[in-house]
Amino acid sequence: MSAIVVIPTYKERDNLPELLDLVWKSLPGLNVLIADDYSNDGAPQYLKSRPEYGSQLFLLERNTKEGLARAYLAGFEWALQRPYDHILQMDADLSHDPLDLPKLLEQAAKGDDLVLASRYYNGVRVLNWEISRLLLSLGASFYVRVLTRMPFMDPTSGFKCYHAELLRKIVEKKIVSQGYAFQIETLFWAWMLGGKISEVPIIFGQRKNGASKMSVGIAFEASWQVIRISLMQIWLRARMGLFNKRSHACETSSSIRTSKSTITAKNDVLRTLLD
């Protein structure tokens with residue numbers, strides 16, 4: 001099973017030596033793609049000096065800072081052009097423990113299309129967080145679950161493992177999020193597309209170096225994107241309700257006509273919703 005982990009960076013140079021060493025301690029054969037958003041902190045030079053560069057370590061140098069979502073999408077598109085079976089994603093700040101990478105791939109090997117590394121599955125597992133931050137994070141997860149109806153305990157998780165075929169379908173969608181809402185939007189599309197999704201528990205730590213990229217604007221975007229997804233859900237239920245009524249009406253005709261009309265109507269609904 002061939003796999004690569006995509007790691008977006010912006011001014012994460014100080015974390016890279018420990019991060020890469022831990023990744024390869026965890027999974028010696030794993031490939032790594034760093035998608036750097038023009039950090040201008042010496043990260044590209046350091047990466048090119050590593051002996052793994054060009055064989056297991058790859059660099060996608062972006063010439064402008066466009067945010068987390070665009071960096072991830074660029075990294076995903078790069079990976080999808082190559083013969084990887086699974087594509088992982090994680091942060092560069094070491095809050096995601098690279099030693100958990102085998103756990104995600106082991107679960108994916110059971111046939112799951114998307115595996116979420118979850119802070120809140122079967123309990124709360126975070127280290128050294130202030131209570132206010134924990135309550136905010138738990139509140140955000142609850143907010144997402146209630147509005148979107150997605151049944152996942154940690155829908156904002158940024159530590160994931162995708163099967164390449166599901167990820168290919170997701171990146172073909174019009175992903176509009178720029179910041180952390182990207183995690184919610186991609187999970188929503190994975191769910192809508194019928195992917196088999198599971199959560200595995202992890203322990204989430206504090207970042208080692210650098211500063212958080214969270215801002216008021218990013219938080220506002222995330223709140224709005226959840227509302228947008230919720231409205232999309234309402235529209236979906238309305239369209240599917242209309243489809244069900246039409247299917248019921250068709251049942252009074254011959255079985256051949258019912259079958260043809262039902263298939264045509266269903267395809268029309270799904271094409272409209274998912275294109």
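Entry 1, salt bridges. I looked up how many salt bridges the structure holds, taking a salt bridge as a side-chain nitrogen of Lys or Arg within 4 Å of a carboxyl oxygen of Asp or Glu, and the number is 9. I note for the record that this is a predicted model, in which local features need pLDDT of at least 70 and side-chain atom pairs count only at pLDDT 80 or more, while totals for chains, interfaces and linings use all residues. Residues are numbered from 1 along each chain as its sequence is written, and side-chain values use heavy atoms, with hydrogens and water left out. As a reminder to myself, side chains of opposite charge can pair when their charged atoms come close.

I found a salt bridge between Glu66 and Arg62, whose closest N and O atoms are 2.6 Å apart. For exposure I used relative accessible area (buried under 20%, exposed over 50%, partly exposed in between, with a 1.4 Å probe and protein chains only). Glu66 comes out as partly exposed because its value is 40%, whereas Arg62, at 13%, counts as buried.

Is Asp100 buried or exposed? Its relative accessible area is 11%, so I put Asp100 down as buried, and Lys103, at 33%, as partly exposed.

The side chains of Arg168 and Glu165 meet in a salt bridge at 3.8 Å, N to O. Both residues lie in helix α6 (residues 164-171), 3 residues apart, which is about one turn of the helix; I take helices as DSSP runs of H or I with at least four residues, and strands as runs of E with at least two, numbered from the N terminus. Arg168 is partly exposed at 30%, and Glu165 is partly exposed at 43%.

I located Gln89 in strand β4 (residues 86-89), and I count Gln89 as buried because its relative accessibility is 0%. A polar atom of the Gln89 side chain lies 2.8 Å from the backbone oxygen of Gly158. Leaving aside neighbours within four places in sequence, the residues in contact with Gln89 include Val5, Val6, Tyr72, Phe76, Gly158, Phe159 and Phe182, where contact means heavy atoms within 4.5 Å.

Definitions and conventions
A polar contact is a pair of N or O atoms within 3.5 Å; within protein, one must be able to donate a hydrogen and the other to accept it, and residues adjacent in sequence count only if both atoms are side-chain atoms.
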